[in-house]
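Trainee: I have a structure open and would like to learn how to read its features. Can we go through them one by one?

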Amino acid sequence: MQSPVKLIAGICLLMAAFSIPHFASAQQAQQKDAAAGAPVQMVVSVEPKHGNEIPAITQPDVIVDQGHDRRPVTGWAPATGNRAGLALAILIDDSAGISFGSQMEDVRAFIGEQASTTLIALGYMQNGTVHLAQDFTPDHAAAAKALRLPQGFAGAEASPYFSLTDFIKKWPSNPSTPRREVLMITDGIDAYYGGGYPDPYVDEAVKNAQCAGVVVFSIYTPGAGHLGHSYWRINWGQNYLFQLSEETGGESYYFLGPQAPVSFEPYLSQMTRQLSDQFLLTFVAKPQKKAETEPVKVSTEIRSVDLLAQDKVCVPASPEN
């Protein structure tokens with residue numbers, strides 16, 4: 001009869017013999033997934049739950065789920081140094097009301113606070129398009145100088161989501177600026193849609209931003225005309241802005257009713273901090289039968305932070321189909 005020590009040792013050896021092939025097969029499956037999949041890059045903002053300190057977050061700390069499938073993370077790097085490139089478009093609703101005038105100095109200060117590596121464009125949303133007052137430039141003083149009062153009449157912007165979609169479709173990607181982000185200043189009201197959920201034009205803008213990897217931030221400012229003081233339409237406008245920002249990995253900073261913010265400064269300061277705490281994430285997406293957007297969730301086991309990222313990505317069709 002074997003001694004208890006020898007019996008336990010034998011069981012351990014038997015378990016190891018079974019676990020090694022299992023571990024090897026899991027590794028092989030992951031390598032097969034990586035080889036068959038499509039690399040997707042996302043911008044991720046790291047937000048501390050308390051205070052302003054960001055803990056060290058390494059690639060193994062980051063989890064990406066596509067639907068119910070865990071996907072391989074192949075890249076995780078801070079958006080600093082040679083990866084700091086950022087193209088930031090500030091898009092202002094040209095039908096914004098007179099209250100925006102008191103916020104212009106806050107916007108100018110925000111432009112001046114951006115990193116020297118950041119390219120800034122300033123545009124006005126008009127009739128479904130964007131009129132650029134200043135194209136992307138590293139000259140922040142020139143961008144700040146281009147800021148003007150909106151035209152301030154109803155109808156100058158029938159839908160800010162048409163303008164955003166048009167702008168994104170005309171915005172070429174550039175490897176030197178791996179981050180492409182937008183700050184929209186608008187009431188969010190879609191005059192082409194009566195209100196309610198879902199708004200197909202908001203959904204289209206979200207999808208275009210997700211497929212282009214564009215992060216959208218937004219700040220509410222009241223609009224001119226009747227819609228600018230319609231509480232029902234304002235409520236839906238703010239909901240649409242929240243949806244747009246949340247689903248593209250940005251943030252909507254104002255959700256406090258129809259009145260104008262007292263100051264943009266707290267929101268712009270928060271956005272500046274978020275821009276400085278961003279990472280570039282690359283993961284291998286699982287191809288589908290046809291090209292489409294797929295739900296993704298980016299998370300971490302580090303409990304002291306939240307990771308903000310778009311909740312869907314565009315995935316190409318599998319080459320086998």
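This is a predicted model: local features need pLDDT of at least 70, side-chain atom pairs count only at pLDDT 80 or more; totals for chains, interfaces and linings use all residues.

Trainee: Is Thr282 buried or exposed?

Mentor: The idea is to compare relative accessible area with a cut-off, and buried means under 20%. Thr282 has 18% relative accessibility, so it counts as buried.

Trainee: Which residues is Thr282 in contact with, leaving aside its neighbours within four places in sequence?

Mentor: The contacts are Pro39, Val40, Gln41, Val73, Thr74 and Gly75. Look also at Gln59, which is 223 residues from Thr282 along the chain, while the C-alpha atoms of the two are separated by 9.9 Å.

Trainee: What share of the contacts in the chain with a separation of 6 or more comes from residues 24 or more positions apart?

Mentor: Such residues account for 80% of those contacts. As for the chain overall, 49% of its 321 residues are buried, and its secondary structure comes to seven helices and 13 strands.

Trainee: Now the helices. How many residues of helix H4 are buried?

Mentor: H4 covers residues 160–169, and eight of its ten residues are buried, so the helix is largely enclosed by the rest of the structure. The buried ones are Pro160, Tyr161, Ser163, Leu164, Thr165, Asp166, Phe167 and Ile168.

Trainee: How do I read the packing of H4 and H5?

Mentor: Take the distance and the angle between the axes. For H4 and H5 the axes come within 9 Å and cross at roughly 25°. Angles under 35 degrees count as roughly parallel, and H4 and H5 are therefore roughly parallel to each other. Their crossing is left-handed.

Trainee: Which residues of H4 and H5 meet?

Mentor: From H4 there are Tyr161, Phe162, Leu164, Thr165, Ile168 and Lys169, and they meet Tyr201, Val202, Glu204, Ala205, Asn208, Ala209 and Ala212 of H5. Sorted by class, this contact of H4 with H5 has nine nonpolar, two polar and two charged residues.

Trainee: Why do residues three or four places apart in an α-helix point the same way?

Mentor: An α-helix has 3.6 residues a turn, so residues with that spacing point the same way. Bear that in mind when you go through a list of helix contacts.

Trainee: At what angle do H2 and H7 pack?

Mentor: Helix H2, residues 104–113, and helix H7, residues 265–276, pack at about 15°, with their axes 10 Å apart. That angle makes H2 roughly parallel to H7. The crossing in which H2 passes H7 is right-handed. On the H2 side are Asp106, Val107, Phe110 and Glu113, which meet Glu265, Leu268, Met271 and Thr272 in H7. By class, this contact of H2 with H7 has four nonpolar, one polar and three charged residues.

Trainee: What is a disulfide?

Mentor: A disulfide is a covalent bond between the sulfur atoms of two cysteines. A search of the whole structure finds one. Cys211 and Cys314 form it, with their sulfur atoms 1.6 Å apart. The pair links distant parts of the chain, since Cys211 is in helix H5, residues 200–212, and Cys314 is in strand E13, residues 312–315, 103 residues apart. Cys211 is partly exposed, at 39% relative accessible area, and Cys314 is partly exposed too, at 29%.

Trainee: And the loops?

Mentor: Asn127 is in the loop between strand E6 (118–126) and E7. Asn127 is not a glycine, although it has a positive phi of about 50°. The relative accessible area of Asn127 is 58%, so this residue is exposed.

Trainee: Where is Pro138?

Mentor: Pro138 is in the loop between strand E7 (129–137) and helix H3 (140–145). Pro138 is exposed, with a relative accessible area of 56%. Beyond its neighbours within four places in sequence, Pro138 is in contact with Thr118 and Leu119. The C-alpha atoms of Pro138 and Ala121 are separated by 9.2 Å, and the two residues are 17 residues apart along the chain.

Trainee: Which peptide bond is cis, with omega near 0°?

Mentor: The bond from Tyr197 to Pro198 is cis. Pro198 lies in the loop between strand E8 (179–186) and H5.

Key. Residues are numbered from 1 along each chain as its sequence is written. Side-chain values use heavy atoms; hydrogens and water are left out. Axes are lines fitted to C-alpha atoms, for helices over the stretch in contact, and angles run from 0 to 180 degrees between N-to-C directions. Helices (H or I, at least four residues) and strands (E, at least two) are DSSP runs, numbered from the N terminus. Angles under 35 degrees count as roughly parallel, over 145 as roughly antiparallel, 65 to 115 as roughly perpendicular and the rest as oblique. A crossing is left-handed if the near helix is turned anticlockwise from the far one by less than a right angle, and right-handed if clockwise. Contact means heavy atoms within 4.5 Å. Ala, Val, Leu, Ile, Met, Phe, Trp, Tyr, Cys and Pro count as nonpolar, Asp, Glu, Lys and Arg as charged, and the others, Gly among them, as polar. Buried means under 20% relative accessible area, exposed over 50%, partly exposed in between (1.4 Å probe, protein chains only). A disulfide is a pair of cysteine sulfur atoms within 2.5 Å.
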